[in-house]
Amino acid sequence: MQPEVTQADVVIPEPKKASHKISQTFKKLLKYKLAVVGLIIIGIQIVMALGANWLTSYDPLTQNLSLVNAPPGSAGHWLGTDNYGRDMWSRLLYGARISLIVGFISVVVGTFFGVLLGLLAGYYKFLDGLIMRLSDLMFAFPGILLALLIVAVLGSSLTNVVIAISIWSIPSCARIVRGSVLSVKKQEYITAMRSLGSSDRRILFKHILPNCTAPIIVFATMHMATAILSTSSLSFLGLGAEPATPEWGAMIAAGQQFMWQAPHMVIIPGIAIMLVVFAFNVVGDALRDLLDPNMKKQG
Amino acid sequence: MTDILQIENLNIHFRTAEGSLSAVHDLSFSVKKGETVCVVGESGCGKSISALSIMGLLPENGHIAQGKILFEGTDLLSLKPDQMRKMRGNKISMVFQEPMTALNPVFTIGYQLREPLRIHQGFSKKQAHVKGIELLKQVGLSLPEQRMKQYPHELSGGMRQRVMIAMALACHPQILIADEPTTALDVTIQAQILDLINDMKEQLGTSVVMITHDMGVVAETADRVVVMYAGEIVEEGDVETVFNDPQHPYTKGLLASVPKVEGELTQLQAIPGSLPNLGEAIVGCRFQSRCPFAMDICRSQAPPIYEENGHQTRCWMKEGESIADNIVPS
């Protein structure tokens, strides 16, 4: 016998897709004015990075010793040239590419391992102590000091900067993910899934992980800012990019001694770093407000 | 009829900061094939914990100190975790109290409904999808094709509970444990869900262990009733015997506390007092502090179980009535 269907049960269904939720979140994000500014800045950086070859006719490494320290607005070089006569605009463009790539790779690698360790620590009690004490150990070092240490051991290059920043971001990511896992695994739907015979691995990766995506997205966005800033800091200290590389931090370092004759050499990459870090931070902030129901603004 | 599930002397303990607490004490009952057994008792008496222990899903700080849970003669407690996992959802299933939180919010109904079929039956995604639609039809959901694509938040509580039942029955389990399946639902939906469980039971020949604190649910569904108090069975018997001739003062209290719609307006009967704390060492009968008939012996010695035509009672008041042969050592 078929059970009756009552009137109350009939709700007109409107199928929704996961992509729908993403576009909805994006639409809501556009209501945050600062986040829109941030998105525009990030968009500009992406265009600069992707279109570096077409946006300038100068090579960022070609020197022109007859035209050194040209101020912004000079003929042919609208952002001026540096102390070797290299075009600042072209260096800024290629620098955008470097900072985006280095930031992105280190965030992806760091988040990957952080999520993995966080999931394990949150789910398996016997691993929790070990993983969390190890991360405490890493937290004991100030971040930049740890990165310095890793670069000092591995030698200075952009690849090693990526490795250093990745390693350094693992513990904070692991801690965030572990927290979410601890709360998600107590939910009834996890017990329900277990009562259906799902294995631990299936529950952990298919049911718990998707419920932790919000904090992971926020972490990754915010960490992008930190990663870009750290890359520049390390390069400024001479531990990252090789001297001639058009990396923003390295450009500031090179411009230091010409502060008074050619201040644009320091100010232009400085502003670029500031804007990008600001952009990722405000977008991350807005995402957190959007995705974390506890952080929602009143009214 | 043969016993499909036998629980023997089950003792469940919890590790807490104050030491080990005994949540369930010497629980024994059995479930026959195709039978509905209702486990009744107030909140905190150990019903849900007993249900979770059958599933092998006790919380991390809980453990089974002693006892056996025999399913078709095999002791579930002796199975390896992986063997037990293959039982869950396949041979033994569970429906939870709160349909609003028992479905994963980030997946569609279809995805979750396919899970047990893919895990236990090795169905392909397509086969599982077809079977899922069939299951949703079986549990009486309209527009099953569209439901498969919907997310839990798009369904009402009653509809979600139907989905939960469909998931639990997907692999035709021999036992369905329903942990207060109607408590969180509207009264109008409650009856529908109980009817559905009854119908599915008839169709599939599943035995049902229904956990509830609602005597109305018991009257509607049970073949046999197990009344629990403070982690112990105080009375067990056929539903008719227990309702018409309750022996234990606690069962009498439970039955008296059901509001009556017909007849003259009377004050609702309540059982005075509350459950003893798990940490308390109880001397004598567990119910004595709230029992209106408590005698001296109740305060010093725990009562044994008295049996009369399959109707078991754990109360000293039966002492006078019974003959020595009927005493079952507890």
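This is a predicted model: local features need pLDDT of at least 70, side-chain atom pairs count only at pLDDT 80 or more; totals for chains, interfaces and linings use all residues.
Helices (H or I, at least four residues) and strands (E, at least two) are DSSP runs, numbered from the N terminus. Residues are numbered from 1 along each chain as its sequence is written, chains are lettered from A and ligands numbered from 1 in the order in which they are written, and side-chain values use heavy atoms, without hydrogens and water.

I begin with chain A as a whole. Chain A holds 12 helices and zero strands. Its C-alpha atoms fill a box of roughly 95 × 45 × 35 Å along the principal axes. Of its 299 residues, 46% count as buried, where buried means under 20% relative accessible area, exposed over 50%, and partly exposed in between (1.4 Å probe, protein chains only). A contact means heavy atoms within 4.5 Å. Among contacts in chain A with a separation of 6 or more, 70% are between residues 24 or more positions apart.

Next, the packing of helices. Two packed helices are described by the angle between their axes and the distance between the axes. The axes are lines fitted to C-alpha atoms, for helices over the stretch in contact, and the angles run from 0 to 180 degrees between N-to-C directions. Angles under 35 degrees count as roughly parallel, over 145 as roughly antiparallel, 65 to 115 as roughly perpendicular and the rest as oblique.

How do the axes of α6(A) and α7(A) cross? Helix α6 (residues 143-154) of chain A and helix α7 (residues 158-184) of chain A cross at roughly 140 degrees, and their axes come within 9 Å. The two helices are therefore oblique to each other. The residues of α6(A) in this contact include I144(A), L146(A) and I150(A), and those of α7(A) include V161(A), I163(A) and W168(A). By class, this contact has 11 nonpolar, two polar and no charged residues. Here Ala, Val, Leu, Ile, Met, Phe, Trp, Tyr, Cys and Pro count as nonpolar, Asp, Glu, Lys and Arg as charged, and the others, Gly among them, as polar.

Helix α7(A) also packs with α10(A), at an angle of about 150 degrees and with the axes 10 Å apart. That makes α7(A) roughly antiparallel to α10(A). This contact has 12 nonpolar, eight polar and no charged residues. Among the residues that meet are W168(A) and C173(A) in α7(A), and F219(A) and H223(A) in α10(A).

As for α10(A) itself, its 24 residues (213-236) should span 34 Å, and the end C-alpha atoms are 34 Å apart, which agrees; the expected span is 1.5 Å times one less than the number of residues. Just after α10(A), G238(A) takes a positive phi of about 85 degrees.

Finally, chain B. Most residues other than glycine have a negative phi. E180(B), however, has a positive phi near 45 degrees; E180(B) lies in the loop between β7 (175-179) and α7 of chain B and is buried, with a relative accessible area of 6%. A230(B) has a positive phi of about 50 degrees. A230(B) sits in the loop between β9 (224-229) and β10 (232-238) of chain B, and at 9% relative accessibility A230(B) counts as buried.
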